Amino acid sequence: MKWFICLIPAFAMGIVCSCDKKPMLPSEPEEPVLMIDDKLEIPYSGGSFSLSYTIENMDDLSVNASCEEGWIHDIDCAEFGKIRFNADASNESLRREAIINIFYGDIEKKVSVIQEEFVPDFRIELSDINYTTFNVDIFPKDKEMYYPALVADKEFVNGFSADDELIQNVKDEWIADAERLGVDMKQYLDTKLMKGDNTGMTAQDRLPGREYVVYTFGMNYDLEALTPVYKADVMTKAAEMKDVSFEMNTTVAGANATLHVVPSDKGETYYVNVFLSSDLDSQDGDISTVEFWQQYFIDLIRLNRIIFGSTPEDVMSPYLHSGDDDVEFELAPNTDYTAIAMAASSEGVVFSKIFTHDFRTANVNMSDNIITIEAYMNAKDDLWFDIYTTNNDSYSWGVKLSSEFEGMSDEEMLRFLLADPLTPLNVKQGYFPGGCGVTTGERYTVYAFGYSNGVATTGLARVDILAQEGESASGSNAPSDSGQAGLPVGEMLEISQFNVECIASY
């Protein structure tokens with residue numbers, strides 16, 4: 001065997017030779033990363049909120065934040081990982097958005113803060129605003145919550161510095177009213193509280209050109225307020241004053257007066273009436289002003305609506321005229337009166353200055369009418385009568401239990417009847433047949449006497465009859481030897497109340 005000796009280069013045998021070693025380079029630092037949600041939704045009620053964030057590869061820097069919207073404020077970044085802020089409550093019907101800008105060194109993030117739309121406990125809508133009325137619709141958020149619907153002068157409502165005071169005033173008035181009416185509080189609140197949507201309500205009897213507030217709040221039957229007070233301002237339509245004047249003069253015939261009225265504008269509707277001068281003189285306030293009469297009409301309309309269910313037209317129409325007119329009044333004798341005229345509408349709205357005319361009535365003459373009454377029982381409980389007269393002068397009549405006049409003379413009975421509010425309503429002329437149901441065994445009085453303008457113009461004719469089948473009776477005020485029955489000839493009895501509208505404060 002032969003051996004071969006080869007020379008192998010040292011580098012091929014892995015022998016390390018001396019060489020330069022390349023140095024390791026340091027790695028580049030990683031950039032900071034700020035992580036935060038880009039949107040936050042908050043309720044319309046506002047309040048305190050916070051945004052959470054994290055930072056990777058932090059530098060020795062601070063987090064700062066700002067917002068241009070004024071309803072976000074008091075931003076606080078003092079606590080690492082939290083950005084705190086306050087948001088105002090919203091009263092807007094649409095969602096609103098604000099951007100909070102967050103800075104960390106060169107890093108900027110934007111967070112959108114979205115506040116939900118305002119959903120009030122109540123929505124109040126006003127419509128059809130007129131001189132004395134306007135319509136009100138109320139929509140509560142909670143359809144099962146009870147609430148009142150209230151209207152008051154704006155000046156009155158503004159007199160309360162806080163909602164609690166206004167609510168307490170309502171509660172105090174309701175408690176006092178329930179006590180006055182003698183009903184328990186639940187019965188009373190049944191008339192004041194409602195729930196659910198209520199539309200088509202009308203505020204009535206308001207003054208033209210006046211500021212009012214419609215307000216409401218949630219309330220339970222324990223008189224506990226459940227919400228703040230919600231309000232809506234409204235101003236009624238102001239009356240446009242018209243340049244209308246009135247000439248007035250009177251023709252007096254005894255206690256009757258005919259008022260001749262000539263307006264400067266023949267097409268304008270106007271109000272005319274007659275009042276006792278003494279009543280006008282005793283009023284608080286200046287009767288020559290529009291304000292006095294405007295308040296008077298509103299008070300009068302309200303009173304008649306509450307008591308009789310009357311409309312403004314029911315109250316005003318009997319006293320409204322247009323063009324030249326003669327208006328007749330039955331008044332009291334020998335009394336001072338003042339006629340009033342002004343442009344006005346059937347709503348009770350005054351449109352002109354106030355014009356007045358003073359006059360005095362004269363005596364009422366006695367009547368020579370002879371009244372005869374014949375009465376009979378047609379059955380055991382049917383009383384029939386006939387009233388005969390010798391002329392067409394007016395008289396009043398009636399049927400009452402005789403016990404009402406027990407112990408009275410004819411003169412005393414006349415005074416009693418003149419004070420009866422039915423007397424001016426039961427006025428007739430000429431022959432009158434009548435009848436009524438009665439109680440068997442009771443005694444009744446059928447009566448009649450000359451009547452004009454609250455004055456007895458003849459003596460009393462009366463018939464007393466027992467309610468018993470077959471009974472009959474007759475009587476008359478025909479003159480006797482001592483003069484006209486019941487009263488000396490020429491004497492008149494008067495009453496202070498008569499069928500003329502009078503001023504009053506309600």
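Aspartate 368 counts as exposed because its relative accessibility is 61%, where exposed means over 50% relative accessible area, buried under 20% and partly exposed in between, with a 1.4 Å probe and protein chains only. This is a predicted model, in which local features need pLDDT of at least 70 and side-chain atom pairs count only at pLDDT 80 or more, while totals for chains, interfaces and linings use all residues. Residues are numbered from 1 along each chain as its sequence is written, and side-chain values use heavy atoms, with hydrogens and water left out.

Aspartate 368 lies in the loop between β21 (355-360) and β22 (371-379); strands (E, at least two residues) and helices (H or I, at least four) are DSSP runs numbered from the N terminus. Not counting residues up to four places away in sequence, aspartate 368 touches Thr390, Asn391 and Asp393, a contact being heavy atoms within 4.5 Å. With asparagine 391 the side chain of aspartate 368 makes a polar contact of 3.0 Å, that is, a pair of N or O atoms within 3.5 Å of which, within protein, one must be able to donate a hydrogen and the other to accept it, residues adjacent in sequence counting only if both atoms are side-chain atoms. The C-alpha atoms of aspartate 368 and threonine 458 are 7.2 Å apart, although 90 residues separate the two along the chain.

Strand β21 also belongs to an open sheet of 4 strands, ordered β18-β17-β20-β21 with antiparallel pairing; two strands pair if DSSP finds at least two bridges between them. Because β18 (320-321) and β21 each have a single partner strand, they stand at the edges, and one side of each is left without a neighbour in the sheet. Helix α5 (residues 290-308) packs on this sheet, touching β17 and β20 (336-343), and its direction makes about 90 degrees with that of β17, the angle running from 0 to 180 degrees between N-to-C directions of axes fitted to C-alpha atoms, for helices over the stretch in contact.

| Strand pair | Bridges |
|---|---|
| β17 (residues 270-276) and β18 | 2 bridges |
| β1 and β3 | 4 bridges |
| β3 and β6 | 6 bridges |

Within these pairs, tyrosine 270 stands opposite histidine 321 in β18, methionine 35 opposite threonine 54 in β3, and leucine 51 opposite isoleucine 83 in β6.

Leu51 and Ile83 are among the residues that touch the most other members of the largest nonpolar core, which has 21 residues; such a core is a set of buried Ala, Val, Leu, Ile, Met, Phe, Trp, Tyr and Cys residues joined through side-chain atoms within 4.5 Å.
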